[in-house]
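My entries follow in the order I worked.

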Amino acid sequence: MSVNGPNQTIGLTTISRTVASLAFGVVHTLERAVAGDGRTRTAQGNAWEAVCADRARAAQRRELERLVTELTAARAAARRRRDAREAQPVS
């Protein structure tokens with residue numbers, strides 16, 4: 001690794017895997033120390049949050065479909081009542 005100037009940045013492609021692994025280990029250990037083991041994000045936790053979000057969106061879609069169905073049925077019933085009134089002879 002050569003540094004050409006004081007503001008040169010080092011990317012992941014320029015450092016070895018060992019250094020990157022050690023840096024990740026330090027950050028992960030620090031996160032666990034600061035946030036605590038129970039609050040550290042894991043792949044399993046992320047997946048569960050995604051599953052819960054999918055379930056919530058599905059529930060919202062079902063509720064919206066139910067409301068649209070009810071409104072459509074109410075509109076059709078109102079139209080039938082109006083048509084039936086208009087079809088009755090005026091006395």
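Is Asp54 buried, partly exposed or exposed? I read 43% relative accessibility for Asp54, so it counts as partly exposed. The classes I used are buried for under 20% relative accessible area, exposed for over 50%, and partly exposed in between, with a 1.4 Å probe and protein chains only.

Notes on the source. I am working from a predicted model, where local features need pLDDT of at least 70, side-chain atom pairs count only at pLDDT 80 or more, and totals for chains, interfaces and linings use all residues. Residues are numbered from 1 along each chain as its sequence is written, and side-chain values use heavy atoms, with hydrogens and water left out.

Whole chain. I found two helices and zero strands in the protein chain. Both terms refer to DSSP runs numbered from the N terminus: H or I with at least four residues for helices, E with at least two for strands. Of the 91 residues in the protein chain, 3% are buried.

Helix α1. I checked the length of helix α1, residues 17–35. Its 19 residues should span 27 Å at 1.5 Å a residue, and the end C-alpha atoms are 26 Å apart, which agrees. The expected span is 1.5 Å times one less than the number of residues. The number of buried residues in α1 is zero, so this helix lies largely in the open. Just after α1, I found Gly36 with a positive phi of about 95 degrees.

Salt bridges. Side chains of opposite charge can pair when their charged atoms come close. My rule asks for a side-chain nitrogen of Lys or Arg within 4 Å of a carboxyl oxygen of Asp or Glu. I counted five salt bridges by this rule.

Asp54 and Arg57. Their side chains form a salt bridge at 2.2 Å, N to O. Asp54 and Arg57 are three residues apart in helix α2 (residues 43–87), so about one helical turn separates them. Arg57 has 41% relative accessibility and counts as partly exposed.

Arg82 and Glu86. I read 3.9 Å, N to O, for the salt bridge between these side chains. Arg82 and Glu86 lie four residues apart in helix α2, about one helical turn. Arg82 is partly exposed, with a relative accessible area of 39%, whereas Glu86 counts as exposed at 57% relative accessibility.
I also found Glu63, Arg66 and Glu70 joined into one network by salt bridges that share partners.

Glu63 and Arg66. Within helix α2, these residues are three residues apart, about one turn of the helix. Glu63 is partly exposed at 37% relative accessibility, and Arg66 is partly exposed at 37%.

Thr72. What does the side chain of Thr72 reach? I found the backbone oxygen of Val68 at 2.7 Å. Thr72 lies in helix α2 and is exposed, with a relative accessible area of 52%.

Note on methods: Polar contact = N/O pair within 3.5 Å; in protein donor to acceptor, adjacent residues only side chain to side chain.
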